[in-house]
Amino acid sequence: MRYLCSARHELEGGQMTELGKVLPITVVAAIILFFIKEVFEFFKKRAEKKRKVSAYKILLAEEMAKNSWSIFGLRRIVERLQDHSLVHEVIRGADGACHLKSSRDEEVVKGIVLPFHSSIFDKHIVDLAVIDKKFFTQLRDTYQAIADAKVSRSTMLEMCEDQNLKFFLTPIFKES
């Protein structure tokens, strides 16, 4: 077996020993290989984290694009609700889609009431918080606003459908 150092040193008892017997080359090689492995693992995990954050950003951007259409539609509906000369009613499709029908005399306007989306954020909220705290902090405020918009949408639909709540909104909503 070959040793790292073959120099002889004198110990306390006057005995001579080889330094190489204390640290054989196989131990040194194992330590070096372990260090190299850890460096590779570090860069591998860092690249994996970047890929995950990038994938989440793409998925969340798609979700936000859907929500921007929902916000646009909700704004249009609120504008129609403010027109007191229109009569409004909610129509629910067999597929669960909600439409708002606004009418005045013979003029009828229908528009879909799009849902808000937060499933990606809801499913991966913990991962996002662990992977990138700064990104998560920015998202948290955005998704709080989306949660508020969901409540506003459902409240608006509930007020349009519930006879007891329509009482508070007359003359805006059609009496059935």
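In which sense, left-handed or right-handed, does helix 2 pass helix 4? The crossing is left-handed, meaning that the near helix is turned anticlockwise from the far one by less than a right angle. This is a predicted model, where local features need pLDDT of at least 70, side-chain atom pairs count only at pLDDT 80 or more, and totals for chains, interfaces and linings use all residues. Residues are numbered from 1 along each chain as its sequence is written, and side-chain values use heavy atoms, with hydrogens and water left out.

**Overall layout**
- The chain has five helices and five strands, taken as DSSP runs numbered from the N terminus (helices: H or I, at least four residues; strands: E, at least two).
- Along the sequence the pattern reads β-β-α-α-β-β-β-α-α-α.
- Of the 176 residues, 25% are buried, that is, under 20% relative accessible area with a 1.4 Å probe, protein chains only.

**Helix 2 against helix 4**
- The axes of helix 2 (residues 25-81) and helix 4 (residues 133-161) come within 11 Å and cross at roughly 35°; axes are lines fitted to C-alpha atoms, for helices over the stretch in contact, with angles from 0 to 180 degrees between N-to-C directions.
- On the helix 2 side the meeting residues include L60, M64, L74 and I77, while helix 4 brings F135, L139, I146 and M156 among others.
- That contact divides into 11 nonpolar, two polar and two charged residues; Ala, Val, Leu, Ile, Met, Phe, Trp, Tyr, Cys and Pro count as nonpolar, Asp, Glu, Lys and Arg as charged, and the others, Gly among them, as polar.

- Six bridges link strand 3 to strand 4, and V90 stands opposite L100 in strand 4.
- Seven bridges join strand 4 to strand 5 (residues 107-113), with H99 opposite I112.
- Two residues separate strand 4 and strand 5 in their hairpin, and D105 in the turn has a positive phi of about 55°.

- Beyond its neighbours within four places in sequence, V113 is in contact (heavy atoms within 4.5 Å) with residues including I77, L100 and M156.

Notes:
Two strands pair if DSSP finds at least two bridges between them. Buried means under 20% relative accessible area, exposed over 50%, partly exposed in between (1.4 Å probe, protein chains only).
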